[in-house]
Amino acid sequence: DAPGGEPVQRVRRRLRAADTSSDFCRYYNPKIYKGPHQIWDRIVYDTFEPHTFSNSVKMTHQACSGWQFSHWEIRDGQGDWMVAKDHSDNPIAGDLTVWMNWWNAGNPFHVPEGQLEYDVKAVFEKRALTAYGRGFDSQIDPRICCNAYEPLVNQGYTVTHIEGDGAKESLVQEIPFNTIFRFAGHGVVGGCVQVDDPWQYTYPAMGVLCPTDVPACKYNLVLLNACRSGESSEFKTAFNADCFISWWGSPAVGFTSSWEKEFWNLAFRGDFSAADAADEAFAYAMQEAPYPVVWDVMAYGDVWLACN
């Protein structure tokens, strides 16, 4: 089960003798005839032996929007589920090939001899990354630091939270493994966001995350709760997200904190898409934390989080 008590998405497939793929014979004998052998004047195939490269079923995985493939699991001889691993003892990340009649020790993924069924399942998970940039006064940190963490956990996401020294390097490495990325912190001149205190480095760019730092991937939702994060298209293009939410102008911390809390509430409630939730939360924040508003929230694209 995922955090918050919600089950991770699982796809279970039971292989049977009648299943087919491009390289699997519909009708097969668990052991096939081998030969040839010459008996007097005849050539015969009279020996039952496992065939090394025939009758395989290739299992593929495809995650729904907002989900990511985690690993394959197979049911062992005792009826317990175990992670399918390669010869280097790493979980198999790609396709899984199951052999229907090869029982050599070198290939653990096969229908047990004398059986017609083999249980396989693909396990998927929802992963989200939240980050908090340094630089706010400690008295107001709690108002914006972790607004996204609890809502995401409650929706079954596996959430990683990053902040502190060396956060930029950690972010760049972690971002592509998540379908949701949320950042809260300062925007800085040059179209970047402040992850660390940039002035603690010899080169200030070591403390900021810029569009050129973003690993190429396809993200479900990216929310940059930072000043001026939406005033150019560079971050939007770099993330290539189904929905990208950011700010035009420099909103007050109290306003963005109020806005974000309501955004996650509406986005996961089920009757608002992410883009609509961003607009509705803006109106809510104007009532709860009234300011002379000279900023606006920007949403590009859309996604329904409640359906994921």
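Guide: Start with burial: buried means under 20% relative accessible area, exposed over 50%, and partly exposed in between (1.4 Å probe, protein chains only). This is a predicted model, where local features need pLDDT of at least 70, side-chain atom pairs count only at pLDDT 80 or more, and totals for chains, interfaces and linings use all residues. Residues are numbered from 1 along each chain as its sequence is written, and side-chain values use heavy atoms, with hydrogens and water left out.

Visitor: What makes aspartate 119 and arginine 75 a salt bridge?

Guide: The term asks for a side-chain nitrogen of Lys or Arg within 4 Å of a carboxyl oxygen of Asp or Glu. Here N to O is 2.9 Å, so the pair qualifies. Aspartate 119 sits in strand β10 (residues 118-125) and arginine 75 in strand β7 (residues 68-75), so parts 44 residues apart in sequence get tied together.

Visitor: How do you know that aspartate 119 is buried?

Guide: Its relative accessible area is 8%, and the cut-off is under 20%. Arginine 75, at 24%, is partly exposed.

Visitor: And why do lysine 168 and aspartate 213 count as a salt bridge?

Guide: Their closest N and O atoms are 3.2 Å apart, and the limit is 4 Å. Lysine 168 is buried at 15%, whereas aspartate 213 is partly exposed at 22%.

Technical notes
Helix = DSSP H or I, 4+ residues; strand = E, 2+ residues; numbered from the N terminus.
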